[in-house]
Amino acid sequence: MDKKIKALHFGAGNIGKALIGELYFKNNFDFTLVDSNQEVISKLNSQKKYLIKYLDTNQIFEITNFDSLWSNEKSELIKKLRAAHFISTSIGSNNLKYLLEIFEQAFKNFELDHEIAIIFFENGYRISSKFKSLIETKFINNKLVFIDTVVDRIVPVQNSNDNYLLCESFYEITIDKTQYKSSLTKINFVDYSDDLDSYINRKIILVNGSHTLVGLLGNKQSLKYIDETLKVEDNLVLLDEFHNQAIESLLKSFPKFKKDELKNYANIFLKRINVAELYDTNNRVIRNPITKISPGERYHLALEPALKYNLNYDKLLIPFKLLIDLNNEDDLQSKDLNQEIKLNGAEATLLKYTQLPISVVKQIINIKKV
């Protein structure tokens, strides 16, 4: 009987290969990369390996121990899902709804002989738990163990001529210890926490929130790249003010943190993205504005404690203003948001998507200059 631990990962893109694939390889798991792009899958299957290069150290690692599967191969996918010990994703939280059908086909009324850890490596608040709630409207299989995590690694836009995948050497994966059953195989090279919410909020606010804000400022100033935007002194001042208010908000919610540690965490992130070799475009990080202004997202998580505890929050409103003022014809959500604002007005549209108090919505709309 084969005792090797098996993992299946949806998403053979940058994060899937440069972070999760590397993680499974380092843990000596056999893993399958699943993707809807047949060309990507064919290339991976023919090469049977891929290379990762750390842009800050120039070290190169070869990843093997995997196979690849086109997501349309349903019968084989179901077999692999049922045989897996770990199932994970990095396909974008908005796309997880497309997995409901295959999960139902694989696990509804099917008796598994082992537990399967389901870990969604997505940006957002407790995405694995959200998916569990969706799944349980269709079926319940107690052998599926849904585990939340927070994940962070920068993988830039790739040069198609390179024969390696470029990424930073730094990464952060923190897993909810309270959801991780002792009967499951332990994943090495990650952190475990019994207070995951604090790390989720820290990362989403000070990493995702900062990254998007830099992109919004650069877009407004007609700058193409993140590192260009970080060379503008006024932008650095505004980011510092945003960080100060966001940190005060985090400290109210999670007093375990120290102010100087959070400040250092935020500043280190700005250094991580202030690298010309990343070719990180502002347009890339400002996509999906409707998602970004929604409850449970980066700017809500910062703003809600500030409102609750009567803290200063004027700088926390600026991203909302920049997001509703976006005019990005290349992004579907931006086009939809602009159309709705034209039809129903900014106030009604903001109320609908943000669910913020009317007084706060009016403050956002009345911001005159950023």
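The domain assignment divides the protein chain into domain 1 (6–193) and domain 2 (196–366), with bounds taken from an automatic or database assignment. This is a predicted model, in which local features need pLDDT of at least 70 and side-chain atom pairs count only at pLDDT 80 or more, while totals for chains, interfaces and linings use all residues. Residues are numbered from 1 along each chain as its sequence is written, and side-chain values use heavy atoms, with hydrogens and water left out.

Me: How do you know that domain 1 and domain 2 are in contact, and how many residues take part?
Reply: Contact means heavy atoms within 4.5 Å. The contact takes 23 residues from domain 1 and 23 residues from domain 2. The C-alpha centres of the two domains are 28 Å apart.

Me: What makes up the area buried between domain 1 and domain 2?
Reply: Buried area is the accessible area (1.4 Å probe) that two parts lose on being put together, summed over both. Here that comes to about 1,800 Å², and carbon and sulfur atoms give 57% of it. On the side of domain 1, Tyr125, Val150 and Ile154 lose the most area to domain 2, together 29% of what that side buries.

Me: Why is the pair of arginine 272 and aspartate 152 called a salt bridge?
Reply: The term asks for a side-chain nitrogen of Lys or Arg within 4 Å of a carboxyl oxygen of Asp or Glu. For arginine 272 and aspartate 152 the N to O distance is 2.8 Å, so the pair meets the rule. Across the interface of domain 1 and domain 2 the rule finds four salt bridges.

Me: What makes glutamate 168 and arginine 272 a link between parts apart in sequence?
Reply: Their side chains meet in a salt bridge at 2.5 Å, N to O. Glutamate 168 lies in the loop between β10 (165–167) and β11, and arginine 272 in helix α9 (residues 259–273), so the pair ties together parts that are 104 residues apart in sequence. Helices (H or I, at least four residues) and strands (E, at least two) are DSSP runs, numbered from the N terminus.

Me: What is the annotation for residues 195–338?
Reply: The unreviewed UniProt entry gives "domain: Mannitol dehydrogenase C-terminal" for residues 195–338; such annotations may be inferred rather than shown by experiment. The span is 68% helix and 0% strand.
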